[in-house]
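Colleague: I have a model open and want to go through it side chain by side chain. Can we take it in short questions?

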Amino acid sequence: MWNQEKKNKGKPTTFSWKEPKKLGFKAAPTFVVYESLFRYAEYEERKIKDLIDGLTYLSAAMQLIDDLADAKDDLINGYETLI
């Protein structure tokens, strides 16, 4: 997702407040680790799905915090941010 975000220099952001899950997917590579750990712990499929879903929304919140921290530099460099 980073490349998708940064390749849009001078264009509106591809992310929306109405799609927080899409924003959370920017951390998708970490979900492989989480899911592997959950499977190793022999969690049921439903529990794994629910946990990954919750972690996706948590990641969205963390991404917003990161975007707040980067907003000034992004705007100076021509990248529109969700913030």
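Colleague: Is Glu35 buried, partly exposed or exposed?
Modeller: This is a predicted model; local features need pLDDT of at least 70, side-chain atom pairs count only at pLDDT 80 or more, and totals for chains, interfaces and linings use all residues. Residues are numbered from 1 along each chain as its sequence is written, and side-chain values use heavy atoms, with hydrogens and water left out. Buried means under 20% relative accessible area, exposed over 50%, and partly exposed in between (1.4 Å probe, protein chains only). Glu35 has a relative accessible area of 29%, so the class is partly exposed.

Colleague: Which residue forms a salt bridge with Glu35, with closest N and O atoms 2.7 Å apart?
Modeller: Side chains of opposite charge can pair when their charged atoms come close. A salt bridge here is a side-chain nitrogen of Lys or Arg within 4 Å of a carboxyl oxygen of Asp or Glu. With closest N and O atoms 2.7 Å apart, the partner is Arg39.

Colleague: What is the relative accessibility of Arg39?
Modeller: Helices (H or I, at least four residues) and strands (E, at least two) are DSSP runs, numbered from the N terminus. Arg39 counts as partly exposed, at a relative accessibility of 38%.

Colleague: Which residues are joined with Arg39 into one network of salt bridges?
Modeller: Glu45 forms a salt bridge with Arg39, the closest N and O atoms being 2.4 Å apart. Glu45 is partly exposed, at 49% relative accessibility. Salt bridges that share partners make one network with Arg39, and its other members are Glu35 and Glu45.

Colleague: How many salt bridges does the structure hold?
Modeller: The bridges of Arg39 with Glu35 and with Glu45 are among them. Another pairs Asp67 with Lys26. The structure's count is five.

Colleague: How many residues apart in sequence are the parts tied together by Asp67 and Lys26?
Modeller: The closest N and O atoms of Asp67 and Lys26 are 4.0 Å apart. Asp67 lies in helix α4 (residues 45-76), while Lys26 lies in the loop between α2 (20-24) and α3, so the pair ties together parts whose separation in sequence is 41 residues.

Colleague: Are Asp67 and Lys26 buried or exposed?
Modeller: Asp67 has a relative accessibility of 4%. Lys26 has a relative accessible area of 15%. Asp67 is therefore buried, and Lys26 is likewise buried.

Colleague: Which residues does Gln63 touch, beyond four places away in sequence?
Modeller: Gln63 is in helix α4. Its relative accessible area is 15%, so Gln63 is buried. Contact means heavy atoms within 4.5 Å. Not counting residues up to four places away, Gln63 touches Leu23 and Lys26.

Colleague: Which residues are in contact with Phe38, leaving aside neighbours within four places in sequence?
Modeller: Phe38 lies in helix α3 and is buried, at 14% relative accessibility. The C-alpha atoms of Phe38 and Leu51 are separated by 8.9 Å, and the two are 13 residues apart along the chain. The contacts of Phe38 are Tyr43, Ile48, Leu51, Ile52 and Leu55.

Colleague: What value is phi of Glu42 near?
Modeller: Most residues other than glycine have a negative phi. Glu42 is in the loop between α3 and α4 and is exposed, at 70% relative accessibility. Its phi is positive, near 60°.

Colleague: Where in the protein chain is confidence highest?
Modeller: pLDDT is the predictor's confidence in each residue, from 0 to 100. The chain's mean is 83, and 81% of its residues reach 70 or more. Helix α1 (residues 2-6) is lowest, at a mean of 52, and the highest, at 93, is α3.
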